[in-house]
2 protein chains.
Amino acid sequence: MTTDRIRSFLTERRPEGPCLIVDLDVVRENYQAFAHALPDTRIFYAVKANPAPEILKLLAELGSSFDTASVVEIELALAAGASADRISYGNTIKKERDIARAHELGVRLFAVDSIAEVDKIVRAAPGARVFCRVLTDGVGADWPLSRKFGCDPAMAIEILEYAHRNGLTAAGVSFHVGSQQRDTEAWDRALEMAAGVFRTLAERGIQLTLVNLGGGFPTRYLKDVPVVGAYGEAIFGALRRHFGNRLPETIIEPGRGMVGSAGVIKAEVVLVSRKSDEDPLRWVFLDIGKFGGLAETMDEAIRYPIRTPHDGGEVAPCVIAGPTCDSADVLYERDPYHLPLGLEIGDEILIESTGAYTTTYASVAFNGFAPLQSYVI
Amino acid sequence: MTTDRIRSFLTERRPEGPCLIVDLDVVRENYQAFAHALPDTRIFYAVKANPAPEILKLLAELGSSFDTASVVEIELALAAGASADRISYGNTIKKERDIARAHELGVRLFAVDSIAEVDKIVRAAPGARVFCRVLTDGVGADWPLSRKFGCDPAMAIEILEYAHRNGLTAAGVSFHVGSQQRDTEAWDRALEMAAGVFRTLAERGIQLTLVNLGGGFPTRYLKDVPVVGAYGEAIFGALRRHFGNRLPETIIEPGRGMVGSAGVIKAEVVLVSRKSDEDPLRWVFLDIGKFGGLAETMDEAIRYPIRTPHDGGEVAPCVIAGPTCDSADVLYERDPYHLPLGLEIGDEILIESTGAYTTTYASVAFNGFAPLQSYVI
C-alpha cells in the first residue's frame, strides 16, 4: 500500500524524522470509488480525518462536500474552494458563538441531538436546516462508538418537531454505524429506524428529506475489508427496503475510508532490546508513538501494517513502543506484533494506512518531541 | 486549590477559550517541600510534566536540576539558566545523534536499560556517567507503569559492568515506583533491589554511587495523598535499612508532584443533555477534553476536582465529555461524576490540579481545536 510515488518521494527527499506522506492519487481513487458506489449520494468528506489543504483542495475540485467539526474546519473547507452550501457543521456540541460564526460564513446545515442545541441554532442561525443524530448499536465495527453522540429515536422525533416549530427546517436524521465498520449490513437496522422517524413525523405533518448515513467506511489495515462497492449495494438495498420508492436525499461522511489508505508514515527504529536474558519478547522502540500521531493504537484498536527492510526474513513477536518517557506510550503489547529478527537500530520502517487520524492527533510537544510532519504529494 | 492569585487573574483577564493558569508561588512551595523533606537528595524536575519557560526559570533559580526526555527539553533547561551538570538525559530510548547533541551541549548523565543503548553512549558521549533503570512492580500506584522502561536486576548488573568496561562511569541505578504513588513504603522494595545491585557490582570491583529514586510523588486530586514529608521519612528509613551507613548519592525526579497542584484549567460548559427522556444521567460537554489537554483521564485514571458556580447545590451523576467529534473523547463515564443540577450551558468551571501533563499532551489541531493556552503567573 506504499505507492511508487511515495517510495520515490522518500528516496529522493530523505525527510528527517518521522513523517506522513499522503499520495493524492489514492485520495482521488477513493473519492471516485465512493462516487461510483453511491451515485445518488452526496459525499461529505470528514475533514477531521486529515485537514491537509492539498487534500481539501483536491476533494473540492472533485465535487466533494465537507463534514466539519469546528469553525476552523469550516474555514479550511472554504479556503479550499468549497462553497458554504457544501459544508455541514456536523458536531452536535457547539458553542452558540461558533454557530453564529458558521452562519455568518454561510453554513446552513447543522447537526443536533438535543433540544438545547436546537435552541442555540434558533438564536444563532435562524432558518437553518438541522438533522438529528440518533444512537445506533455499532455491532460489527472494529471501533464501536460510545453513546457520546445521538439520542434515542423517540427523543429525535421530539427534537425535530421542536426545531420545525421554532422556524428551522427539520431536514432529517443522521447516525453512525461505528468506525472501521466491516459489516456492510450494519446500515440496514439504522435505516429501518430512520424510516420510522420519517413516518412518525410525516403523520405530524413534517416531511423529512435527508438521511445522513455517516461514516464508518473502513481502511484496509491487516485484516481484509469489503470493497466500497459492496457497501454501496448493501446501503442501496436497505434504502429500498425501508423507504420503498420514496428514497430520501442521502449523504455519507467518509474520513478514514477516503484518506486512510493514501498515507504512509516513515519512522525509524531507535532501540531494540529485551527486559531480561530470558525474555522471549523483543521490545522495538520507534521514533513515533501514541503521542506523535499513532493515538489510534489506543487499546490496540487499530493494527497498522508495517514494512521493514528485512521483510521476508524470519519473524518473531515484539512489543512495539514509542519514544516518549511515558509508560502508556506503547503501541502493541497485549497482542505482540511479528517483525523480522533482522530488524536493527537505525532501520527505517513504513507504517501503512496511516493517512487518517494521525497528523492532527499528534501532541504539540509532549516530551519535547515535535508533532508529525506531513507531506502531501 | 484554586489560589487567590489564579482567581484574580481569571476575573481581571477573562481569557477566551479553555486555558491553564499556573501559580508559580505553589511551584515554589512544592519545591521547598521536596527540598525540606529530602535535604540530602538532589531534585531533578521532570521537565515533561510542564516545560513552561517561567516554571523552568523559577526552578533553576531555586537550585533545581532537570530530568529531560529529549534534546528539546535539554535546550529548554539550558535556556532557563541551568548549567549542563544539572541536567540528566533520563530517557532510555535515544537516537545516537541526539546523545551526541546532548554531549555537545555538556550533558554527562544518561539513563540506559540495555546494552545497545550503552553502545550508543560509548560512541556518542564517551566517558559519560550512566545509570541503569530497573523494573519494579508498581504496587500502590494509581497508575502503575508498564514494563516499557527498565530491565530486570540481573541484566542491570551486566549492563553496568559492560558500561564500566567500555569507558563509561557506571554511576548507579534508577527505578520508578509508579505514577501518583500513594504508598510511601513503595520505595522500600526498590531500594532493597538497588542495594543488591550495588553489592554485586562492588564484588566485581565496580563502586556504584548513585540511586535515582525516580518520580511517582502524587498530586492531590479527589483522594487524599500523604504529605511530602511522609515520603521523605519513608525513603530515608528505607535507605538506612538497605544501605546502612554508606548512603549513596540520591536524586528524585518529581514532575506531577512539583507542578500538578499549581495549575487550574478554566473551561466552559458547551452542552448539557440527555440521551432519552428516561436517561438518569446528564451528559455534560466541556470545551476541553482528552485531545485538548486532559489525556490523563485515559481509562479514567486521574479524577480531577471540578469547581462550578453552583457548588453547594444539589448534585447528580453526569458523564463528562469533550468537544470533539471523537467518541473516545469522554472523560468520565464508567464512574459518573457528581456535578450540581444547576449547571448550565455557558457556565465557567475550574478543573483543579491540572498543572502537570496537560499543555504538552494537547493535540496540535484535532477537529480544528487549538491546543491548550497556558498562562504562568
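Colleague: What rotation superposes chain A on chain B?

Modeller: First, some housekeeping: this is a predicted model, where local features need pLDDT of at least 70, side-chain atom pairs count only at pLDDT 80 or more, and totals for chains, interfaces and linings use all residues. Residues are numbered from 1 along each chain as its sequence is written, chains are lettered from A and ligands numbered from 1 in the order in which they are written, and side-chain values use heavy atoms, leaving out hydrogens and water. Fitting the copies by least squares on the C-alpha atoms of residues with pLDDT of at least 70 in both gives an RMSD of 0.0 Å. The rotation that does this is 180 degrees.

Colleague: So what kind of axis has that relation?

Modeller: Two copies of a chain are related by a rotation about an axis and a shift along it. Here the rotation is 180 degrees and the shift is 0.0 Å. That's the relation of a two-fold axis.

Colleague: Which residue of chain A comes closest to the rotation axis?

Modeller: We go by C-alpha positions for this one. The closest approach in chain A is 2.0 Å, and the residue there is A:S363.

Colleague: How do the copies meet, through the same surface or different ones?

Modeller: Take the interface residues of chain A and ask how many are interface residues in chain B as well. The share is 100%, so the copies meet through the same surface.

Colleague: How many helices and strands does chain A have?

Modeller: Helices (H or I, at least four residues) and strands (E, at least two) are DSSP runs, numbered from the N terminus. For chain A, the tally is 10 helices and 18 strands.

Colleague: And what is the radius of gyration of chain A?

Modeller: We take it over C-alpha atoms and hold it up against the globule rule, which is 2.2 Å times the number of residues to the power 0.38. With 377 residues the rule gives 21 Å, and chain A is close to that, so it's as compact as a globular protein of that length. Its radius of gyration is 22 Å.

Colleague: What share of chain A counts as buried?

Modeller: Buried means under 20% relative accessible area, exposed over 50%, and partly exposed in between (1.4 Å probe, protein chains only). Of the 377 residues in chain A, the buried share is 63%.

Colleague: Where does UniProt place the "modified residue: N6-(pyridoxal phosphate)lysine" feature?

Modeller: UniProt positions are in the numbering used here, feature names are shortened, and annotations may be inferred rather than shown by experiment. The residue sits in the loop between β2 (41-46) and α3 (53-62) of chain A, and it counts as buried because its relative accessible area is 12%. The unreviewed entry puts the feature at A:K48.

Colleague: Which residues of chain B are in contact with A:K48?

Modeller: Contact means heavy atoms within 4.5 Å, and we skip neighbours within four places in sequence. In chain A, the partners are A:D67, A:E73, A:Y357 and A:T360. From chain B come B:C325, B:F366 and B:N367.

Colleague: Which residue does the UniProt annotation "active site" cover?

Modeller: Look in the loop between β15 (315-321) and β16 (330-340) of chain A. The residue is buried, with a relative accessible area of 17%, and among the residues it touches are A:N367 and B:K48. In the unreviewed entry, the annotation covers A:C325.

Colleague: What is the phi of A:Y357?

Modeller: Most residues other than glycine have a negative phi. A:Y357 is in the loop between β17 (348-352) and β18 (373-376) of chain A, and it is buried at 10% relative accessible area. Although not a glycine, A:Y357 has a positive phi of about 55 degrees.

Colleague: Which residue's backbone oxygen does the side chain of B:S353 reach?

Modeller: B:S353 lies in the loop between β17 (348-352) and β18 (373-376) of chain B, and its 1% relative accessibility makes it buried. Its contacts include B:T219, B:Y221 and B:G260. At 2.9 Å, the side chain reaches the backbone oxygen of B:R220.

Colleague: How far apart are the C-alpha atoms of B:A82 and B:S65?

Modeller: B:A82 belongs to the loop between α4 (71-79) and β4 (87-89) of chain B, and it is buried at 4%. Along the chain, B:A82 and B:S65 are 17 residues apart. Their C-alpha atoms are separated by 7.1 Å.

Note on methods: A polar contact is a pair of N or O atoms within 3.5 Å; within protein, one must be able to donate a hydrogen and the other to accept it, and residues adjacent in sequence count only if both atoms are side-chain atoms.
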